[in-house]
Number of protein chains: 2
Amino acid sequence: MLTLFHHPLSSASRFIRLILEEYGIATHLIEENEWARKPEFLALNPAGHLPVFLAEHEIPLSGATVIYEYLDETRGSLRPDKQFFPANPLERAEVRRLNDWFLNKLENEVTRHIVRERIYKREMPLAIGGGAPNSQILRNARANIPPHMNYLNWLCTSRDWLAGSLLSYADLAAAASISILDFLGEIDWEQFPSIREWYMRIKSRPSFRPLLNDRIRGITPSSHYADLDF
Amino acid sequence: MLTLFHHPLSSASRFIRLILEEYGIATHLIEENEWARKPEFLALNPAGHLPVFLAEHEIPLSGATVIYEYLDETRGSLRPDKQFFPANPLERAEVRRLNDWFLNKLENEVTRHIVRERIYKREMPLAIGGGAPNSQILRNARANIPPHMNYLNWLCTSRDWLAGSLLSYADLAAAASISILDFLGEIDWEQFPSIREWYMRIKSRPSFRPLLNDRIRGITPSSHYADLDF
């Protein structure tokens, strides 16, 4: 069986889990903490980030971009019923732009700071930065949420799916990130009915079910996290 | 003619310029400062980063990853003499991993800090962070150069080209980044003869010539910057 090193609060990991579920690829999941920088993990991926996918012959593929392009080339291209890339290169470029937006820009401006301050620091040793959350970092990260929600809202109101008329990798990438902020109760859904409607459509897909069952020790997910109609 | 918004000290921009030169695509270059956040530029790319390529019908493609995948799909795939992606999906994954390493990891840990502190801050208004370089930021960025050089050295000594036996996008991405650090005199070549040998091979390609002619106001490039045999 193939293996994915992941963390339930890593957007990039959730994105790859969604794709694996969509393609029906049975995968052994191993939870990994990036901050622990374990030598065995760094041997697989010297960059030290999640996710890492052990492909055929146990060859490690590191990072969401590398893994989804690989899965698309080796699986997606054989599945006419599961085309998450449009055929037109310009439309594919739009999917890739949005993947980068949600997996890198949203992640670096918002999600990873909130996850680190609220969750990881509780388990990290003091010597490598563990301890109480830094409220200034949390405030800065939270201040970046509304502009991102406004942009997502613009996408949701002007297109059927985020990158155009069809469901694409961009919807899976965005939903992976949004689901983490929602798990942590960081999203004010009242203000954004169009995003909620889009997120409910994605969240209702069978591929999403395992993510909705994720639990993190000592954290209660937001009350509506696993509701398909919230 | 197609258009590329770029900056001579942006690794991602240099990477795309190299690809355009390799494919012989005549492109109108427009120099842009990311830090200026001009509304006309943000209208093309709301993420605000370089490069932006105006493709057919003036459709803007934003960011090096989006642009190189597009150029490969629309140009590279028609040029059997210029294959910068191997045919095997696992080998393509290795090229993508290294592109991400040099365009994102090296950039975020080293290059963009050095360029910002040493170059951009001289032109930026004080109100948005201009002024004298912050020596602590420069020290931290420079401390990250040796581990990156060691990794590049490992790639150069264990493979013919960075991603394997053939020249690939990974060599162009790495050379784009290294050429900026070399322009700024930040690389100690004495220590790394294998990297120098690899860099000389890349630098001798005709596609590299326009980069070697780049000049930045008020900055003298390192003495060997444009030498093909240094």
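Which side chain meets Glu69(A) in a salt bridge? Keep that in mind while you get set up. You're looking at a predicted model, where local features need pLDDT of at least 70, side-chain atom pairs count only at pLDDT 80 or more, and totals for chains, interfaces and linings use all residues. Residues are numbered from 1 along each chain as its sequence is written, chains are lettered from A in the order in which they are written, and side-chain values use heavy atoms, leaving out hydrogens and water.

**Stop one: chain A.** Select 1–76 for domain 1 and 87–211 for domain 2; these bounds come from an automatic or database domain assignment. Their C-alpha centres lie 19 Å apart. Now show contacts (heavy atoms within 4.5 Å): 20 residues of domain 1 touch 25 residues of domain 2.

**Stop two: Arg96(A).** Here's your answer: its side chain meets Glu69(A) at 2.6 Å, N to O. A salt bridge is a side-chain nitrogen of Lys or Arg within 4 Å of a carboxyl oxygen of Asp or Glu. Across the interface of the two chain A domains, the rule finds 2 salt bridges.

**Stop three: chain B.** Select helices H7 (169–183) and H8 (193–203), which pack at about 105° with axes 10 Å apart. Helices here are DSSP runs (H or I, at least four residues), numbered from the N terminus, and axes are lines fitted to C-alpha atoms over the stretch in contact, with angles from 0 to 180 degrees between N-to-C directions. So H7(B) is roughly perpendicular to H8(B), a label for 65 to 115 degrees. To see the contact, show side chains including Ile178(B) on H7(B) and Trp198(B) on H8(B).

Definitions and conventions:
Helices (H or I, at least four residues) and strands (E, at least two) are DSSP runs, numbered from the N terminus. Angles under 35 degrees count as roughly parallel, over 145 as roughly antiparallel, 65 to 115 as roughly perpendicular and the rest as oblique.
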